[in-house]
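Colleague: Can you take me through this one? I have the sequence and the coordinates open.

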Amino acid sequence: MDELNKKLTAENADLRKRLAEALADSADQAAIADSAKKRSSILGAALETVPVGVVLAEAPSGEILLGNSRVEEMLGHPMLKSEDFDSYGEWISFHADGRRVESHEYPLSRVIRDGEDYAELDVHYQRGDGSRFWMKIVGRPITDDTGTMIAASVALIDIEKERQLQREQEILIGELDHRVKNAFTVVKSIVSQSLRKDRVMAGLRDTIDRRLDAYAKAHAGLVGKTWKTATISGIVRDILGQQVEEGSVVMSGPDVELPSKQALALSMAFYELSTNAFKYGALSAVGGIVEINWNLSEEPDSQLQIDWRERGGPKTVKPESKGFGSFIIERALAMETQGSVTIDYPADGLTWRLVAPFAMTEQDEND
């Protein structure tokens with residue numbers, strides 16, 4: 001009997017111990033579940049505070065797990081819980097050229113499937129009611145402590161107003177370009193009629209016409225830059241594009257953007273220099289070459305230097321008097337750029353140099 005009591009007592013103690021361990025384990029599991037629930041609530045609340053749509057997907061499958069309420073507000077339909085990144089095509093959107101965006105093109109797919117660290121795409125999204133709006137999608141990976149991607153997220157940003165403003169701006173620029181061209185045509189007509197009646201010297205009317213054409217072309221070159229800036233290389237090509245292609249004009253220098261005022265002044269200066277080169281300088285002779293080089297010195301007092309050098313042409317002769325062309329390439333340009341211009345007439349070819357404070361030109365652009 002004693003032996004039986006001892007055995008029962010031992011089994012009873014073991015059962016109590018296992019019961020206590022089970023209860024403790026259950027408490028741990030409940031604590032873990034409670035903690036996970038709290039973290040999920042905090043994440044959900046955080047997602048609701050951002051002003052853009054946010055979608056989260058699991059990696060590596062690409063299954064969409066959740067999104068904030070802003071997603072449904074923007075898209076006009078319930079969240080689509082795509083099973084994997086091959087199913088993203090159920091989100092209907094289009095490229096600017098009208099092509100349907102395919103599953104693999106969405107930033108979420110590019111991040112999860114292709115491993116891109118940052119993916120961005122502008123789409124014309126089709127809402128639930130069939131209407132469309134422009135939306136920017138930006139995707140980034142989510143990694144654990146070891147750097148392994150465990151999920152990915154995308155931000156959905158409504159850019160319809162931005163696109164509308166861009167379209168309106170393009171219309172306004174087109175209208176402005178049209179009006180400026182008309183204004184130049186009227187001015188040319190007035191000048192032509194006036195000079196014909198006054199019987200001025202032969203060739204003067206053509207000279208004025210060509211200068212007006214050069215100024216009109218310089219304006220047109222700024223249209224694609226929203227009338228703000230133009231590159232030096234672009235200005236050279238506008239004035240001497242054919243000669244650049246043929247190799248009689250060689251240019252080199254960094255990609256420098258000039259504000260519109262300086263760009264127009266430089267365009268006119270290049271036009272006058274090239275006219276002189278065609279008449280009397282390097283471009284009047286077979287094999288003659290014009291070299292145009294520019295560079296920027298280092299900040300903080302950055303200086304822009306542009307050099308025009310002719311060689312291979314007839315012997316250079318310094319002009320005895322200065323006309324309108326000289327005024328454009330010297331005083332007018334120096335005034336517009338706050339810089340200085342030097343011209344030399346060595347026998348082997350004219351040299352021209354502009355040195356201007358580049359910080360000043362940037363400030364003028366912002367004024």
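Colleague: What is the average pLDDT of the protein chain?

Modeller: This is a predicted model, and the chain averages a pLDDT of 85. Of the residues, 91% score at least 70.

Colleague: And where does pLDDT stay under 50?

Modeller: Over residues 360–367. The model has seven contacts beyond four places in sequence for that stretch. Where pLDDT is low, the predicted coordinates should not be read in detail.

Colleague: On to the inside. How many residues are in the largest nonpolar core?

Modeller: The largest nonpolar core has 40 residues. Phe270, Ile292, Ile306, Trp308 and Trp352 have the most contacts inside it.

Colleague: Which elements give two or more residues to this core?

Modeller: Helices H6 (232–246), H7 (260–279) and H8 do, along with strands E10 (289–296), E11 (303–311), E12 (340–344) and E13 (351–357). H7 gives the most, with nine residues.

Colleague: What about Thr337, buried or exposed?

Modeller: Thr337 is buried, because its relative accessible area is 4%. Thr337 lies in helix H8 (residues 324–337). Beyond four places in sequence, Thr337 touches Gln262, Leu354, Ala356 and Pro357.

Colleague: Now charges. How many salt bridges does the structure hold?

Modeller: It holds 16. One of the pairs is Lys136 with Asp122, at 2.8 Å from N to O. Lys136 sits in strand E5 (residues 132–143) and Asp122 in strand E4 (residues 119–126), 14 residues apart.

Colleague: Why does Lys136 count as buried?

Modeller: Its relative accessible area is 18%, and the cut-off for buried is under 20%. Asp122 is at 24%, so Asp122 counts as partly exposed.

Colleague: Which Arg forms a salt bridge with Asp122?

Modeller: Arg163, with the closest N and O atoms 3.1 Å apart. Glu120, Asp122, Lys136 and Arg163 are linked in a network of salt bridges.

Colleague: And which side chain does Arg309 meet in a salt bridge?

Modeller: Asp348, at 3.7 Å from N to O. Arg309 is in strand E11, while Asp348 is in the loop between E12 and E13, 39 residues apart. Arg309 is partly exposed at 33%, and Asp348 is partly exposed at 44%.

Colleague: Switching to loops. Where is Asn68?

Modeller: Asn68 is in the loop between strand E2 (64–67) and helix H2 (69–75). Asn68 counts as buried because its relative accessibility is 3%. Its contacts beyond four places in sequence are Leu47, Glu48, Val50, Val52, Gly53 and Val54.

Colleague: Last one, the surface. Which residues make the nonpolar patch of about 230 Å²?

Modeller: Leu43, Leu65 and Leu66. Leu43 is in helix H1 (residues 2–49), and is partly exposed at 40% relative accessibility.

How values were computed. Residues numbered from 1 in each chain as written. Predicted model: local features only at pLDDT ≥ 70, side-chain atom pairs only at ≥ 80, totals over all residues. Heavy atoms only, no water. Patch = residues over 30% accessible without salt bridge, like charges linked within 9 Å, V, L, I, M, F, W, Y side chains within 5 Å. Areas by Shrake-Rupley, 256 points an atom, 1.4 Å probe, with all protein chains shown as cover. Salt bridge = Lys/Arg side-chain N within 4 Å of Asp/Glu carboxyl O. Helix = DSSP H or I, 4+ residues; strand = E, 2+ residues; numbered from the N terminus. Buried < 20%, exposed > 50% of the residue type's maximum accessible area, 1.4 Å probe, protein only. pLDDT = per-residue confidence, 0-100. Contact = heavy atoms within 4.5 Å. Core = buried A, V, L, I, M, F, W, Y, C linked by side-chain atoms within 4.5 Å.
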